[in-house]
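Dear colleague,

Please find below the structure that I am handing over to you. My notes on it follow directly after.

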Amino acid sequence: MIDLRSDTLTKPTDAMRAAMASAEVGDDVYGEDPTVRALEERVAGLLGHEAALFTPTGSMANVLAVGSLVQPGQEVLCESSAHIARAELGAHAAVGGLTMRTWTHPRGQVDLRAISAMFAPDLGPFFVPTAAISVENTHNFAGGAVLPLQDLRDLHEYAVGAGARVHLDGARVWNAHVATGTPLADYGAVADVVSVCLSKGLGAPVGSLMVGTRDAVAQARVRRKHLGAGMRQVGILAAAGLHALDPAHGHVERLADDHAHARLLAEACGVDPATVDTNIVVAHRPDAPAFVAAAESVGVRISAVGPTAIRLVTHLDVTRADAERAAALLARL
Ligand SMILES: *Cc1c(COP(=O)(O)O)cnc(C)c1O
C-alpha cells in the first residue's frame, strides 16, 4: 500500500529514533529539559524571533499563537479554508473566546482588498473589533499553495498601519522555504507570531512550536499549562525535531523530492503540474469517494476532501519508485 493521505503519516527513521533514545532530558515544567530548550532556541532563531514554545500539536500552537494576539470577544480574519477555521474543531472559539470572519480565495492567498473591506478595528460597542489577521503558508486545503513573500510583506505593512497583528500558520513553512528559496527568517519577519509543525514532512512523530516575542511565549507557556500540556521529560520528543532540523540529516532539503513527486502525481491525475507548488495535490472529480475506494483497491491510499475533491500528499516515506508506481496506477484508474 502506498499511503498518500497525509504527510503526518511519516514514521521516525532509525537515526531519529536513536537521537530520541539518547536525548538528554529534564523536567520541562521546571524549565530544565536541555533538549527542549535547544529546540525552542533553534526554531526561534530560524524564524528570526525572540522565543519559541514546544507544543504537542500544531492545533495547540495555533490556539496559543492566535490567542496571544486576540482577546476573548475580539476577532481574527482568515481565509475560509484555513486550518484554524476548518480543522481545529472550533478550538479558537471554544477555548480562546474569539470569533472569525473569512475571505475566500481558491488558492488560499492573501486578498488585501477583501481584508481591508472587512477590517473593523474599533467601531464602538456594537461591533467585534478586529485584532489580528491569520495567513497559512503553505496553504493546506488550497493544495499546498505557497503565499508569495511580497503579498505577506504587503499584508504586514497594512496590518501595522491598521493597528492589527499577523499570525502565520507555518505548519508547512519548511515546504514554502524549500520551494521558493525564501529564507525562513523572511517569513518570520512578516508575522508577530508563527506556528510550525515538525510532525509533517520533516518526519518527527510529534511536535510543533509557537514562535514569537519573549513576552508572548512566556504567557503562552502559562496558557499551555492551563490546557493541560505542561510536559515533563519531553526532550525525548524534542530530539526528533532537532534531528530533523539538523542540515546533516537533510530532512528539510529533501522536501524538494516530495515536491517533485507531487508534480509527477498531478500529471497522472490530470492536474497541471505548474499549479502544484509543494507536496500536496488536490484534484477535482465528480466521484471523489468512489475514486478513493477504487484507488485503495489497487494499493494507493488517498483521501477525499469533499464530495468532489481528492487529495494526495507526498512525504518522507514515499520514495521516487512509490510515486512513479502510484502515478501509473492512478492514471490507469
Ligand atoms: C497539520 C496542520 C496543523 C496542525 O495540526 P495538528 O494535527 O494539530 O498537529 C496546523 N495548520 C496546518 C495548515 C496544518 O496542515
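The buried residues of helix H8 are covered by elements that include helix H2 (34-47), strand S6 (165-170), helix H9 (184-188), strand S7 (193-197), helix H11 (235-245) and helix H12 (255-268); cover here rests on contact, meaning heavy atoms within 4.5 Å. Helix H8 spans residues 173-180, and Val-173, Trp-174, Asn-175 and Ala-176 are buried in it. Buried means under 20% relative accessible area, exposed over 50%, and partly exposed in between, with a 1.4 Å probe and protein chains only. Helices (H or I, at least four residues) and strands (E, at least two) are DSSP runs, numbered from the N terminus. After H8 comes Gly-181, which has a positive phi near 75°.

Please note that this is a predicted model, in which local features need pLDDT of at least 70 and side-chain atom pairs count only at pLDDT 80 or more, while totals for chains, interfaces and linings use all residues. Residues are numbered from 1 along each chain as its sequence is written, and side-chain values use heavy atoms, with hydrogens and water left out.

As for the overall architecture, the protein has 14 helices and 12 strands. Of its 333 residues, 52% count as buried. Its radius of gyration (taken over C-alpha atoms) is 20 Å, which agrees with the value near 20 Å for a compact globule of 333 residues; the globule rule is 2.2 Å times the number of residues to the power 0.38. The C-alpha atoms fill a box of roughly 60 × 50 × 35 Å along the principal axes.

The protein is divided into domain 1 (2-7 + 252-332) and domain 2 (9-248), with bounds from an automatic or database domain assignment. Their centres, taken over C-alpha atoms, are separated by 26 Å. At the contact between them, 20 residues of domain 1 meet 25 residues of domain 2.

Two leucines may be of interest to you. Leu-69, in helix H3 (residues 58-69), counts as buried because its relative accessible area is 7%. Not counting residues up to four places away in sequence, Leu-69 touches Gln-74, Ala-131, Ala-132, Arg-165, Val-166, His-167, Asp-192 and Val-193. Leu-123, by contrast, counts as exposed because its relative accessibility is 51%. Leu-123 lies in the loop between helix H6 (112-118) and strand S5 (130-136).

Yours sincerely
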